[in-house]
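Please read the following alongside the sequence and the 3D view. The text goes through a few features in turn.

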Amino acid sequence: MDNSARAGSKPKAAATTKTAKPSPKRAQAPKKHTSAKKAPTAKKASTSGAGKSSRWHTAWRISWQLGLVGVLVLGVWMVFLDARVQQQFDGKKWTLPARVYARPLLLYPGRLLPPAQLQAELEWTDYQSGAVSRPGRYQQQGSRWRIHRRQVNFWDGPQPQAVIELTLVDQRVEQLSVNGKAVPLVRLEPQYVGGIFPSHNEDRELVTLDQVPSDLLAALVVTEDNHFFEHHGISLRGISRALVANIQAGGVVQGGSTLTQQLVKNFFLTSERTLMRKAQEALMAILLELHHSKAEILQAYLNEVYLGQAGRRAIHGIGLASRFYFGKPVQELELAEIATLVGLVKGASYYNPRRHPQRALERRNLVLGLMAKQGLIGQDRYLEVSRQPLRTADSQRVSQREYPAFLERVRKQLQEDYRREDLETEGLNIFTTLDPWIQHALEVSATTQLDRLEARYPALAGKLETAAVITSVDGAEIRAMIGGRQAGYFGFNRALDARRSIGSLAKPVVYLAALRSGRYHWGTLVDDSPVQVTGQDGQLWQPQNYDGKSHGLVPMVDALSHSYNQATARIGMRVGLEQVARTFNDLGLQQEVPPYPSVLLGSQELSPLEVAGVYQTLAARGFVMPLRAVEAVATASGKTLSSYAIHGHQGVAAEQVDWLRYGLEQVVNDGTAKKLLTRFAGPLAGKTGTSDQQRDAWFAGFDNRHLGVVWVGRDDNQPMPLAGSSAALPIWQQTFAQAGVEPLLPTGLPSVVVDADGQILEDGCDGRSMPMPISAIKQVPKPCQTVSKPTEGERKGWLDWLF
């Protein structure tokens, strides 16, 4: 019975009062008091029941309202996430760095091509020796070569895969055919030489599903998400399985993420481990599957997944990882290589096959085992492949390295026509002028020579630096460049930015100005005695010869070939500083030449690239051409955006430069660069250079194909016990010996005979023969000196026999 019923029964209420018997008057009081207290209790109980009901309704209403707010918030969040998914995934998915390639190796009958160069350039583009049954292979049998070239997207159009056959005889191409048909010219695949990366340094090579082997797709799905084609972004089965495994292990040992979730995490989110991030990942995975097919998601995953680090580059995607680890495009991967790559998805650093080969081997075989378990490969094939050793390409191979000095020049040239963000994000293909064979020769030569010099002079150990530029004579294309002795270092580029006194490299300009003046020819006698010049500030300029001696009257050609300072200064002052400065500018130097006498001996400071620009004009017979590093630019799809053809102007008359070339040839034949004749037959042209107090050592020289400028010095600009002939020239010599030398062709200038006094003699006279343009002959030829000679059989006296 409830409390309200008991309160309404007065007799029972009275009967239940168990106290000592009071007086009737006092007994009544408690009854009234008890009755008065119980009435309010009944009312209170009734109110409490109603209150509970009210609170429940209020709580339900608040919960309903909060739930509605939550649904609205979730809906808004889903709309936001959906917009983000569609915007980022439907748009440009990745920032693709520009990929920079060397010049393709041109093959044509008659080309100078040592077999060692052909083999090296094939291997530098990841071609392997073997049967040419598929692209990426080459085979040599004596003088006969067969190359199965891959399909190549050149800037002027794609070239299909083809079998190229050629024979090399005496280091020259003799016969050439493509797919069995004789051709006059063919190009090989160019070498990758670096990229122009955005700040995050991500690199990838995009692939499409039809380029990826079916075994790779099957291995990825069976290993990472066996129910990929069944779920809609998330897998409850996978989450449950991972949860049980983690509980049993007492920690996180397995994840339940699908391939779609992994793509969402890598593409949209961070690696942060929070419930909120995980929830966002699941929602975005569902949204991604609502808008995109499984094929689109799988292709994006293949291009996004992180698979390792190559120096400053982060390797993303199967396409680039295939080249990085195995030296081949993804289409050429074998099953063992496929399983190794798929194994890296779980942890690119942990399962790195080069650093942790045993882990990578076990992971590879696990992937193969899963494929066999699912019937994707037969048991026999599983056993065969799983027994193969783990193989990867050398991580230090040439095809994976970059060329910092040259890449900086490429970037600077391109920034004249392209925005920086376009170069870093649009996936452009940059085809350059770099010659890998010459670049390799230059790097090896520089390292070898500096090591040799520092061994000879221990005080210089670790202090010598170098920079060099090599160009093509006919096109002003930069074929090789180093900005320091550590050619792979991304830092201060001395070839572009180190401006040093050029020393005696200025002298050919002085002599060219003298020849152009019409007052001098190579036989003219010049005075190599001490000379003093008073400057505007009253200071005396007193140049001295390198050997500290004076040589009196000498033919002008000898003054150049032996690099006499006093004679050069006297010639320059007589020709005029303005004429010398103008000649510098006519040769293409854009920098202003100060009108100081010291510039006659090279006090002005130029970079190796600027010096190469001046000497390029001399090598090209006076034709001024800007040095260029880029051949063409194309989009990732192969559309040509721009090409950089040869352009320039005739800065100096060709016959005048031909005339100067004779003097530069004498520098090699009998002057300060005659060491070159120990390796080459010539003719070659060159000039050594040593600046004041031997702070800089230079050599600039050219043959019929290439010009090379080499500098050696110290970054602190301190003197060295070295000259241009002992420090810079050996680098040039060793480089050109490997690159191959083609002697200079005759200039075609008519020759005259000059006597010991510098007078031009009539034809047929005995004397020193030297070239001279017809237009430059202003002196009336001097008759031959007649000397009586005894006829045959004439009696000789004792004085005749004596003398």
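What follows covers two helices, a surface patch and a disulfide. The model is predicted: local features need pLDDT of at least 70, side-chain atom pairs count only at pLDDT 80 or more, and totals for chains, interfaces and linings use all residues. Residues are numbered from 1 along each chain as its sequence is written, and side-chain values use heavy atoms, with hydrogens and water left out.

Helices (H or I, at least four residues) and strands (E, at least two) are DSSP runs, numbered from the N terminus. Buried means under 20% relative accessible area, exposed over 50%, and partly exposed in between, with a 1.4 Å probe and protein chains only.

Helix α10 spans residues 318-326, and eight of its nine residues are buried, so the rest of the structure largely encloses this helix. Among the buried ones are I318, L320 and F324. Just after α10, G327 has a positive phi of about 65°.

In helix α21 (residues 577-586), the buried residues are L577, V580, A581, T583 and F584. Viewed down the axis of α21, they fall within an arc of 155° (taken from the directions from the helix axis to the C-beta atoms), so they line one face of the helix. Just after α21, G588 takes a positive phi of about 105°.

The whole structure holds one disulfide, meaning a pair of cysteine sulfur atoms within 2.5 Å. C765 and C784 form it, with their sulfur atoms 1.5 Å apart. The torsion about their S-S bond is about -95°, so the disulfide is left-handed. C765 is buried, at 9% relative accessible area, whereas C784 is partly exposed, at 34%.

Notes
Patch = residues over 30% accessible without salt bridge, like charges linked within 9 Å, V, L, I, M, F, W, Y side chains within 5 Å. Areas by Shrake-Rupley, 256 points an atom, 1.4 Å probe, with all protein chains shown as cover. Salt bridge = Lys/Arg side-chain N within 4 Å of Asp/Glu carboxyl O.
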